[in-house]
Amino acid sequence: MITTALGMRDDKAVYAAGAVVWRLVEGKLRVLLIHRTKYRDVTLPKGKVDPGEMLAQTAVREVHEETGIRVFLGVPVGVSRYFMRPKRQKVVHYWAAEATDEAIRSSTFVPNSEIAALEWVSLKKARKCLSYPVDLEILDEFERLVDDGVLRTFPIIVLRHAKAIGRSDWEMSDASRPLTERGKKQAAAIVAPLRAFGVRKIITSDAVRCVETITPLAKALDRKPVETERISQDAWEEGRSDARAVIGKRVRSGKPALLCSHGPVLPDLLTELALATGTMHGSYLGSASALEVAAFSVAHLSATNPGSGIISIETHVPKL
């Protein structure tokens with residue numbers, strides 16, 4: 001299993017993100033290479049993080065800007081590190097990302113001053129064409145997913161609500177505590193990173209702080225969230241929570257989903273996800289559930305056999 005934490009960064013490094021974009025053509029796997037005009041090289045689509053962006057958001061944006069193709073992120077496939085002049089490290093995070101037929105048809109790409117051409121090639125040809133060893137290392141990790149038969153996946157995302165007014169500053173019920181101004185900014189900031197994983201179904205604790213956290217995302221997706229006390233803190237404290245039922249339904253559905261809950265409830269959600277997918281318990285569960293406010297963990301499951309275990313889990317932390 002791949003476990004990744006994407007939060008703390010080295011201020012001296014330059015961060016970027018991209019993807020190994022893939023598709024099946026008559027049952028044969030093809031990956032997308034870009035021929036860059038300025039550098040006269042062949043590489044994978046990627047680009048630098050814009051101010052305020054989270055890495056997943058950057059990866060999706062850069063793929064679209066360079067290729068015209070809109071993708072959702074799948075399993076992370078590694079990080080490349082190399083030094084730029086003057087001795088400044090560049091760190092590039094990559095994900096696998098399937099390009100659907102519809103997304104390819106909708107692409108408006110034309111050769112330009114940055115990208116001379118796009119090319120769909122086999123893995124064998126990609127190895128011959130790529131200009132840089134660091135790209136080959138990313139392709140190695142991607143090919144391991146192919147060999148394991150877990151390339152097509154879907155995510156279940158566990159999100160801790162954004163910053164709320166403290167209990168000591170709130171005279172009404174705990175469940176009615178709203179977000180602070182900082183919390184509202186966090187809720188807005190995580191919309192694009194969550195959309196990068198193709199979230200469609202939103203399930204949330206019925207506590208106000210959770211509902212307010214997912215409201216910007218729900219509006220952006222034009223989706224009505226499902227509010228439930230089964231993953232609320234009140235129910236958890238009273239022994240009435242039912243993480244197993246909520247997680248089980250999401251695993252069986254095989255569709256991208258987001259669950260927004262509370263710090264004390266998150267370990268139960270991740271534990272039930274491991275049980276539902278036949279994944280061995282380990283320290284990764286504690287790390288993935290020990291989330292800061294507005295942070296989220298993405299568990300990737302096989303689309304064809306979700307009971308075969310969590311393939312990868314990654315944690316994202318907003319800067320706000």
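Strand E7 (residues 88-98) is largely enclosed by the rest of the structure, because 8 of its 11 residues are buried, where buried means under 20% relative accessible area, exposed over 50% and partly exposed in between, with a 1.4 Å probe and protein chains only. The model is predicted: local features need pLDDT of at least 70, side-chain atom pairs count only at pLDDT 80 or more, and totals for chains, interfaces and linings use all residues. Residues are numbered from 1 along each chain as its sequence is written, and side-chain values use heavy atoms, with hydrogens and water left out. Helices (H or I, at least four residues) and strands (E, at least two) are DSSP runs numbered from the N terminus.

**Strand pairing around E7**

- E7 pairs with strand E2 (residues 14-25) in the parallel sense over 9 bridges; two strands pair if DSSP finds at least two bridges between them.
- Strand E6 (residues 76-84) pairs with E7 in the antiparallel sense, over 8 bridges, and Met84 stands opposite Arg88 of E7.

**Val21 in strand E2**

- Val21 lies in E2 and counts as buried, at 1% relative accessibility.
- Not counting residues up to four places away in sequence, Val21 touches Arg30, Val31, Leu32, Pro45, Val63, Val71, Ala97, Ala99 and Trp120, contact meaning heavy atoms within 4.5 Å.
- Val21 and Asp140 are 119 residues apart in sequence, and their C-alpha atoms are 14 Å apart in space.

**Nonpolar cores**

- The largest nonpolar core has 31 residues, of which Trp95 and Leu258 touch the most other members; such a core is a set of buried Ala, Val, Leu, Ile, Met, Phe, Trp, Tyr and Cys residues joined through side-chain atoms within 4.5 Å.
- Two or more residues of this core come from each of E2, helix H1 (55-67), E7, E9, helix H6 (191-195), helix H7 (208-221), E12 and E13.
- H7 gives the largest share of this core, 5 residues.
- A second, separate core of 26 residues includes Ala243, Ala257, Leu269 and Leu270.

**Helix H10**

- In helix H10 (residues 266-276), the buried residues are Leu266, Leu269, Leu270, Glu272, Leu273 and Ala274.
- The cover over these buried residues includes strand E9 (153-160), helix H9 (243-253), strand E12 (257-261), helix H11 (283-289), strand E13 (296-302) and strand E14 (310-316).

**Cysteines**

- The structure holds 0 disulfides, a disulfide being a pair of cysteine sulfur atoms within 2.5 Å.
- The closest cysteine sulfur to that of Cys260 is in Cys210, at 4.0 Å, which is too far for a bond.
- Cys260 is buried, with a relative accessible area of 0%, whereas Cys129 is partly exposed, at 23%.

**Largest pocket**

- The largest pocket has a volume of about 960 Å³.
- On a 1 Å grid over the protein atoms alone, a pocket is an open set of points where a 1.4 Å probe fits, with protein on both sides within 12 Å along at least five of seven lines; lining residues have an atom within 4 Å of a point.
- Grid points are joined across faces, edges and corners, and the volume is the space filled by probe spheres set on the points.
- The lining comprises 36 residues, of which Arg70, Val71, Phe72, Leu73 and Gly198 lie nearest the centre of the pocket.
- At least two lining residues come from each of H1, E7, helix H2 (101-106), E9 and H6, and H1 supplies the largest share, 4 residues.
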